[in-house]
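Here is a short report for a first look at a protein model. Keep the structure open as you read.

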Amino acid sequence: MKRFTGGVAPVAILSLLLLAALAMMSAATQNSAMFSRMYSLLLVVNIVGIIVLLVLIIANLRHLAAQYRARVMGSRLTLRLLGFFVLLAVIPVTIVYFFSIQAFNKGIDNWFDVKIESALDDALSLGRTALDAIKDDLDKKTGDMAFELETSPDKLVAPILNDLREQYGVTEITLFAQDGKIIAASSQGDLDSKTLAPDRPNESILAQVRLGESRSTIDPTGKSGLQLRVVAPVNSRDVGAPMRILQVQQQLPDRYSKLGESVQAAFAEYEKLLYLRGPLKFGFILTLSLVALLTLLISVWAAIFSARRLVTPLRDLAEGTRAVAQGNYRKQLPVSGGDELGILVKSFNDMTRRIHRAQSQTKHSQREAEVQRTYLETVLTHLSSGVLSFDPRARLRTYNTSAEQILGVDLGKGVGRSLAWIGQTHAHLGPLVQMIHDALHTGRAEWHAETGLDGQAGKRTLILRGTRLPGLGTRHGGHVVVFDDISALIQAQRDAAWSEVARRLAHEIKNPLTPIRLSAERIRHKCMTGLDAGQQETLERATRTIVEQVESMKAMVDAFSDYAHPAHVHPEPVDINRLIHDVVELYRGKQNPMRIHLDLAPSVPPINADRGRLRQVLHNLLLNASDALTAATEPTLHIATRYFELDGRRLVEIQARDNGPGFAASVLDHLFEPYVTTKEKGTGLGLAIVKKIVEEHSGSLWATNPADGGALMTIRLPVEASFPQIKSPGNAQPAQERSA
Amino acid sequence: MKTLKLALAGVAGFVVLGISTHGAWADFVVRGVDTQFANDVLHISSVLDMGLSAKAEEALNKGIPFDVVTDLALIEHRRFLWSRVVTDRTLRQRVQYHALSGQYLVSDEGQDVERFPTAQAALAYVGSLNDMQIPLAKKKAIDGKMRYSLKLRVRLDIESLPAPLRPLAYVTPSWHHSSGWTAWAVQQ
């Protein structure tokens with residue numbers, strides 16, 4: 001439907017058909033025989049066609065108005081152009097129409113002249129007068145013939161009629177009975193008659209004659225012939241005889257006939273035209289009005305079509321520009337033609353194509369950069385080393401997860417901040433920040449450094465490597481700092497060293513102890529008998545001292561040996577709260593003044609561990625605490641447990657906190673190393689063994705001195721601990737898990 | 001859409017007006033028709049009143065030729081089926097005023113010309129059928145057991161008027177002369 005109402009071809013065809021129909025109608029109005037028969041049909045076709053065209057135009061105008069109200073792009077310009085075109089068409093058509101109407105009216109009126117009308121009337125009267133004279137003569141002749149026939153009987157009347165016809169020089173004589181039946185007739189042999197039967201007068205004439213009156217008429221015959229007819233009664237002289245009727249016909253000479261018919265035709269045509277003057281005017285005006293209306297409608301349609309055709313590329317361009325403004329660079333406009341608008345549309349299409357291509361390349365580059373960035377991020381994230389990058393003004397740009405884990409801070413808020421801000425926000429990072437700051441300001445391309453870091457899990461050692469990044473042109477590209485927590489490595493090295501010490505002690509010291517002891521006992525046995533009591537006592541004391549010290553040294557060496565040798569772990573589900581209860585009960589008694597408070601979380605699940613080894617850990621902790629609290633007035637130990645998840649690992653934490661003097665600062669960094677003790681009789685292996693067992697369970701521990709006094713020992717054990725094959729202390733590896 | 005509806009309503013109104021005015025002016029009146037079968041020939045005689053409006057009569061007197069059309073149809077009324085047209089016939093006669101002779105000429109399609117002194121006489125002749133015979137083409141076309149009727153209509157053919165007069169004649173009731181269809185039983 002839209003194609004029909006909006007397309008140019010259907011309307012053009014309709015318009016051509018209507019114009020053709022109007023041309024035929026105009027020809028019909030001018031009395032064209034060919035189209036005269038179709039006049040009414042043509043009129044209806046034209047009216048219906050014009051109504052259809054009008055409806056189509058109204059539909060298009062309504063559509064345009066709706067577009068205008070909806071502020072569709074290009075509708076205003078379309079309407080403006082349409083109005084302009086319509087104005088251009090309406091004014092000349094209207095002027096031509098009104099002047100044509102005037103011309104038609106005057107022209108048709110000029111056809112009819114009073115003089116011509118009068119002349120035709122006169123000509124007709126003249127013709128009638130001339131014919132009347134001949135008719136009167138024939139009337140008189142007919143009266144004479146009727147008189148002669150009054151005495152003629154019907155049977156003998158035929159030759160008489162023939163004689164009368166020849167005598168009076170008439171064309172045909174016919175005698176009828178009163179009822180109209182032919183009695184006899186006589187006619188000229190060369191009469192151009194279609195039938196042999198005489199021409200009968202009609203009933204009205206016969207009726208008039210029966211009343212005794214004669215009747216004469218001028219009868220047109222054939223195409224251009226005229227004849228006179230006189231019908232008169234023939235009264236019989238015999239009394240009672242019926243009346244007969246005589247008809248005499250006289251063919252007028254050809255010249256008379258032609259002249260008469262010419263006058264008749266001219267008069268009739270003029271009269272007809274005179275009568276048809278009004279309808280003719282109406283017909284012409286109707287045709288002209290239809291032509292004007294059709295011209296106007298076609299003009300309006302052409303205006304609509306032209307306006308749309310002109311505005312369409314502009315509207316497309318406007319929509320295309322809007323699309324480009326909204327980021328749609330794929331927009332391609334239909335090229336309407338090779339004119340300037342077409343060139344403009346082609347240029348627009350070329351522009352959008354180029355922009356689209358450039359944008360695609362940019363997007364591709366962005367995607368590649370994103371892939372590279374993601375790749376780098378992935379590598380950095382899964383790197384065990386901490387990575388920090390700084391811009392040329394020493395502001396933090398990027399960091400990885402390991403950096404946050406090693407430093408124990410959330411670096412997200414520090415992105416874009418200066419080093420100083422990071423140092424101020426996280427006080428424990430002060431030395432590290434200062435070192436990085438100094439290194440960056442030296443301007444060296446690469447640098448190495450090592451520093452300590454105080455953290456929640458104790459003091460740790462970091463090794464740092466810095467590199468200057470390449471910049472764009474003459475600008476500096478910033479720096480990247482990579483650092484590792486080597487505390488575990490150092491600890492492992494220390495553990496290995498101590499294992500070696502233990503092994504040598506076992507090998508180098510323990511072996512001579514037995515001969516020393518045996519030698520001391522032999523000296524006492526051999527020499528005792530020859531000595532006096534005083535000397536015996538001295539020998540006894542000396543050898544006893546030797547044996548005791550040897551036993552002491554042997555016990556010490558055994559302890560180191562136990563520490564150095566790999567333990568056999570028997571993992572099983574252990575309820576840690578219950579185990580703490582069991583161990584703590586052994587330390588509650590009148591002989592032990594230490595008060596023990598338990599704060600055990602009921603949600604702590606059973607952990608996979610060696611019950612005996614964990615029991616030893618608890619014993620050592622309690623012994624350590626008990627020894628540390630000997631001088632305290634109210635020795636108190638708080639033991640707490642809790643269960644939580646950290647970095648996807650389920651952990652159980654045990655904290656033991658006393659109210660003693662805390663760990664000495666001199667030993668805090670080496671607390672878990674063998675031979676580190678502040679006790680006079682301590683072996684220095686208690687906490688070293690604790691650390692060893694905890695690490696066997698893939699756990700971690702650290703000791704701190706809380707700000708409000710006392711000492712705090714924290715142990716974290718995984719719920720599902722894995723127990724790799726335990727190696728000798730000499731091959732011990734650094735712990736994989738770092739305490740948080 | 002509203003405009004379209006108005007335009008359609010206007011056209012419909014024009015058509016309805018034309019139909020109504022067509023039926024309102026019917027001064028050709030069939031007074032009587034006598035029909036009968038005889039030897040497979042239908043004999044028809046009829047009498048009509050043929051009156052013309054003043055406008056039409058004026059046009060006739062001014063030399064405008066009138067075509068008067070007589071439509072005939074022989075209908076067979078069947079008992080169980082719809083009626084059928086056995087035969088039909090159209091008779092066209094032209095009435096024209098001859099100014100020189102002062103007569104009204106009536107000519108049929110066979111070019112036979114009758115002359116009458118008055119328009120009424122000419123029209124009376126045109127409207128009346130005097131033993132018109134219509135031979136039935138097929139033998140036994142007429143079933144003696146069936147009922148037959150003759151439908152007759154006499155009308156002035158506006159299409160035969162001069163082209164400029166036709167638009168006015170179509171929309172002017174005084175130009176609509178028709179007897180309308182009348183049905184008459186056929187005697188067997």
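## Two helices side by side

At what angle do H6(A) and helix H7 (residues 157-168) of chain A pack, and how far apart are their axes? The angle is about 155 degrees, and the axes are 11 Å apart. Axes here are lines fitted to C-alpha atoms, for helices over the stretch in contact, and angles run from 0 to 180 degrees between N-to-C directions. H6(A) and H7(A) are therefore roughly antiparallel to each other.

From H6(A), the contact uses A:Lys141, A:Met145, A:Glu148 and A:Leu149. From H7(A), it uses A:Val157, A:Ile160, A:Leu164 and A:Tyr168. Two residues are in contact if their C-beta atoms, placed from the backbone, lie within 7 Å.

## About the model

This is a predicted model: local features need pLDDT of at least 70, side-chain atom pairs count only at pLDDT 80 or more, and totals for chains, interfaces and linings use all residues. Residues are numbered from 1 along each chain as its sequence is written, and chains are lettered from A and ligands numbered from 1 in the order in which they are written.

Chain A has 20 helices and 17 strands. Helices (H or I, at least four residues) and strands (E, at least two) are DSSP runs, numbered from the N terminus. Of the 740 residues in chain A, 27% are buried. (Buried means 20 or more other C-beta atoms within 10 Å of the residue's own, exposed means 12 or fewer, and partly exposed lies in between.)

## Another helix pair

Helix H15 (residues 487-527) and helix H16 (residues 533-564) of chain A pack at about 160 degrees, with axes 8 Å apart. That makes H15(A) roughly antiparallel to H16(A). The crossing of H15(A) and H16(A) is left-handed. Their contact has 18 nonpolar, 3 polar and 7 charged residues. (Ala, Val, Leu, Ile, Met, Phe, Trp, Tyr, Cys and Pro count as nonpolar, Asp, Glu, Lys and Arg as charged, and the others, Gly among them, as polar.)

## The cores

How many residues does the largest nonpolar core have? The number is 63, and A:Leu246 and B:Val95 have the most contacts inside this core. Strand S4 (residues 225-234) of chain A gives the largest share, 6 residues. A nonpolar core is a set of buried Ala, Val, Leu, Ile, Met, Phe, Trp, Tyr and Cys residues joined through C-beta atoms within 7 Å.

Look at A:Leu246. Beyond four places in sequence, its contacts include A:Met145, A:Leu149 and A:Val234. A second, separate core has 42 residues, among them A:Met594 and A:Phe663.

## Where the chains meet

In chain A, 33 residues are in contact with 28 residues of chain B. H9(A) gives the most to this side of chain A, with 8 residues. By class, the side has 18 nonpolar, 11 polar and 4 charged residues.

## One loop residue

A:Tyr587 sits in the loop between helix H17 (576-586) and strand S12 (595-600) of chain A. Why is A:Tyr587 classed as partly exposed? Because 17 other C-beta atoms lie within 10 Å. A:Tyr587 and A:Ser626 are 39 residues apart along the chain, yet their C-alpha atoms are separated by 9.0 Å.

Technical notes
Angles under 35 degrees count as roughly parallel, over 145 as roughly antiparallel, 65 to 115 as roughly perpendicular and the rest as oblique. A crossing is left-handed if the near helix is turned anticlockwise from the far one by less than a right angle, and right-handed if clockwise.
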